[in-house]
Amino acid sequence: MAYTKKNRLTAEEYLAGILAGDRVILAMAITLVESQLEEDRTIAEAIIEQVSNRGEKSIRIGVTGVPGVGKSTFIESFGEYVISQNKKLSVLAIDPSSTKTGGSILGDKTRMENLAKNPNAFIRPSASRLALGGVTHKTREAVLLCEAAGFDVIIIETVGVGQSEVAVRELVDFSLLLMLAGAGDELQGIKKGIMEMADAIAITKADGDNVLMSEQAKKSYQNALHLFPVADNGWLPKVTTCSALKNEGMDEIWNMMLKFAGDMRSNGFWKENRNVQQLAWMHSAIEQSLRADFYNDKHVKSVLETIENQVQKGTQTAWSAAKQLLSLFYKK
Ligand SMILES: Nc1nc2c(ncn2[C@@H]2O[C@H](COP(=O)(O)OP(=O)(O)OP(=O)(O)O)[C@@H](O)[C@H]2O)c(=O)[nH]1
Ligand SMILES: [Mg+2]
């Protein structure tokens, strides 16, 4: 059977394909859950409902850092290491530049060429659309679908712009922040509170002339982290150095994640963290559903463009326009 976007499958067909680990159907299912169309939403909801509790053994990892820090290169190197440890890896790479174009750019995919070819990897660059920092509204659903398809390590790559770390934190078990030595942002990172959001910091590109500086940066981050109070889960954020280009430091980072998973599973924080995330998901599902109903409403649709124009021209205030549209919606 040839799969195209047009031949929509039934929820059962999607499910069977996903559970069988079919990467083509998995990709189609992610496209489906990202769709704004009402008929797609109904099937998507049925699928999500069925796959919601299959990620118990998985580990969800957020990889953040400023543009160009080396996230994609790191994930390729780290991903290959993880796969060599008999894991199946899924990467939900979110291209920051897609906010401008509204579409997904394949840049990240090409930068993960080797990983993309690996049968134990599934790579999904995703359009960031309206969501903050490139975490799409549907990344959580994509995680669940990947887990149901048998991927037990899920990496979410997102660009670090402050708030995006917060958004990713709500989706993952472990947050890894990539940094560069000597970028002058050691203290800036602390100021932004970003370091508090990270379970570990990896100073990457620790190769060639950069080795010494990376070791120094590691020490200064370690010192800085000591100033923070210990988190409730008892985990002290770790600092490491690595080189994605030379495949160095990957084992240390993976072992650290395993240690984290082991500790958190035994002290109960693993489950607690995921439970809290469920609550956040519920609220975001409500918001998304309300928003979709609103913008799909035929009364709203019929006047939206006109009112938008008036607001943009300044002939109607934003506040009164919002009130007018909402009253149209609620009166239906
Ligand atoms: N020397 C060295 N260069 C690296 C390393 N990792 C990445 N680079 C280089 O750094 C540049 C940026 O790497 P990317 O992996 O694309 O960075 P990114 O953080 O994914 O970038 P965005 O997705 O645009 O935010 C590339 O030219 C890489 O070759 C490393 O470990 N050592
Ligand atoms: Mg990248």
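How many helices and strands are there in the chain? The chain holds 16 helices and seven strands. This is a predicted model. Buried residues account for 47% of the 332 residues. Among contacts between residues at least 6 apart in sequence, 74% join residues at least 24 apart. The chain exposes about 17,200 Å², and carbon and sulfur atoms supply 55% of that area.

- R60 sits in strand 1, which spans residues 59-65.
- Its relative accessibility is 11%, so R60 counts as buried, the cut-off being under 20%.
- Beyond its neighbours within four places in sequence, R60 is in contact with residues including G55, V143, L144, E147 and I154.
- The contacts of R60 also include L171, V172, D173 and F174, as well as R274 and Q277.
- R60 and I156 are 96 residues apart in sequence, yet their C-alpha atoms are 7.7 Å apart in space.

**Salt bridges**

- K87 and D152 meet through their side chains in another salt bridge, at 3.9 Å from N to O.
- K87 lies in the loop between helix 4 (71-84) and strand 2 (89-94), and D152 in the loop between helix 8 and strand 4 (153-159), so the pair ties together parts 65 residues apart in sequence.
- K87 is partly exposed at 26% relative accessibility, and D152 is partly exposed at 22%.
- D199 and R169 form a salt bridge with an N to O distance of 3.3 Å.
- That pair links distant parts of the chain, 30 residues apart: D199 is in the loop between helix 11 (194-197) and strand 6 (200-204), and R169 is in helix 9 (residues 163-169).
- D199 is buried, with a relative accessible area of 4%, whereas R169 is partly exposed at 24%.

- Five of the five residues of strand 6 are buried, so the strand is largely enclosed by the rest of the structure.
- In a regular strand, side chains alternate between the two faces of the sheet.
- Both faces of strand 6 are covered: A200, A202 and T204 are buried on one side, and I201 and I203 are buried on the other.
- Strand 5 (residues 174-180) runs parallel to strand 6, and five bridges join them.
- A200 has K238 of strand 7 as its bridge partner.
- From strand 6 the chain crosses through helix 12 (residues 211-226) to strand 7, a right-handed β-α-β crossover.

**Nonpolar surface patch**

- L279, M282, I286 and L290 make a nonpolar surface patch of about 380 Å².
- L290 is placed in helix 14, residues 269-296.
- At 48% relative accessibility, L290 counts as partly exposed, because exposed means over 50%.

Conventions: Residues are numbered from 1 along each chain as its sequence is written. Chains are lettered from A and ligands numbered from 1 in the order in which they are written. This is a predicted model: local features need pLDDT of at least 70, side-chain atom pairs count only at pLDDT 80 or more; totals for chains, interfaces and linings use all residues. Side-chain values use heavy atoms; hydrogens and water are left out. Helices (H or I, at least four residues) and strands (E, at least two) are DSSP runs, numbered from the N terminus. Buried means under 20% relative accessible area, exposed over 50%, partly exposed in between (1.4 Å probe, protein chains only). Contact means heavy atoms within 4.5 Å. Accessible areas come from the Shrake-Rupley method with a 1.4 Å probe; for residues, only the protein chains shown count as cover. A salt bridge is a side-chain nitrogen of Lys or Arg within 4 Å of a carboxyl oxygen of Asp or Glu. Patches are made of residues with over 30% relative accessible area and no salt bridge: like charges are joined within 9 Å, nonpolar side chains (Val, Leu, Ile, Met, Phe, Trp, Tyr) within 5 Å. Two strands pair if DSSP finds at least two bridges between them. A crossover is right-handed if, with the strands pointing away from the viewer, the path from the first strand over the helix to the second runs clockwise.
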